[in-house]
Amino acid sequence: MPKQNGQSDTSLQTDLDALEDKLAAAKARRDAKLGKDDKDDNSLLGMAWRLSTELLASVLVGLLLGWGIDQLFGSQPFGLLIGLGFGIAAGFMSVFRTADAMDAKTGHIPKGDARPELEDED
């Protein structure tokens, strides 16, 4: 039975199936073009958690080593301050190294204006 505008239920279903096929084909082309292989499990919260944990752990290790040196040699507070400085430096180096590795892993996705245009096949 024809609906408004002269379309029947079967022609609407056929149109929806054709649209789904086109969307699936476009998504497959985009994934092939971008080199996307598997689902990327690096969420932003996970990356932030990892970077902050590495920085905090490095600072704490530096503080503990400095405190230990102060306890051994009785040089308060110089060992603690030097340990804090080394801990902060090591923490930032670790964070930058990890951020570079994360960026290299997800770097295959162009951002901004460099993003490739998807072609339509009609």
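In this predicted model, residues 24 or more positions apart supply 65% of the protein's contacts that have a separation of 6 or more. The protein has 3 helices and 0 strands. Along the sequence the pattern reads α-α-α. Of its 122 residues, 14% count as buried.

**Overall surface**
- The protein exposes about 9,900 Å².

- Helix α1 covers residues 9–34.
- L23 is found in this helix.
- L23 has a relative accessible area of 53%. The cut-off for exposed is over 50%, so L23 is exposed.

**Annotated transmembrane regions**
- An unreviewed UniProt entry lists residues 48–69 and residues 75–96 under "transmembrane region".
- In the model, residues 48–69 are 100% helix and 0% strand. The end C-alpha atoms of this span lie 32 Å apart.
- Residues 75–96 are 86% helix and 0% strand. Here too, the end C-alpha atoms are 32 Å apart.

**Helix α2 and the salt bridge**
- Helix α2 runs over residues 44–73.
- A search of the whole structure finds 1 salt bridge.
- The partners are E54 and R50. Their closest N and O atoms are 3.4 Å apart.
- That distance of 3.4 Å is within the 4 Å limit for a side-chain nitrogen and a carboxyl oxygen, so the pair counts as a salt bridge.
- Both E54 and R50 lie in helix α2. They are 4 residues apart, about one turn of the helix.
- R50 has 44% relative accessibility and counts as partly exposed.

**The loop between α2 and α3**
- P77 lies in the loop between α2 and α3.
- A cis peptide bond joins Q76 and P77. Its omega is about -5°.

- Helix α3 spans residues 78–106.
- G85 is found in helix α3. With 38% relative accessibility, G85 counts as partly exposed.
- G85 and V59 are 26 residues apart along the chain. Their C-alpha atoms are separated by 8.2 Å.

- The structure holds 1 aromatic pair.
- The pair is F92 with F96, and the ring centres are 6.1 Å apart.
- Centres must lie within 6.5 Å for rings to pair, so F92 and F96 qualify at 6.1 Å.
- The ring planes meet at 35°, so the pair is tilted. Stacked would need planes under 30 degrees apart, and edge-to-face over 60.
- F92 and F96 both lie in helix α3. The two residues are 4 residues apart, about one turn of the helix.
- F92 is partly exposed, with a relative accessible area of 40%.
- F96 has 52% relative accessibility and counts as exposed.

Terms used: Residues numbered from 1 in each chain as written. Predicted model: local features only at pLDDT ≥ 70, side-chain atom pairs only at ≥ 80, totals over all residues. Heavy atoms only, no water. UniProt positions renumbered as here; feature names shortened; annotations may be inferred. Buried < 20%, exposed > 50% of the residue type's maximum accessible area, 1.4 Å probe, protein only. Phe/Tyr/Trp six-rings, centres within 6.5 Å; stacked < 30°, edge-to-face > 60°. Contact = heavy atoms within 4.5 Å. Areas by Shrake-Rupley, 256 points an atom, 1.4 Å probe, with all protein chains shown as cover.
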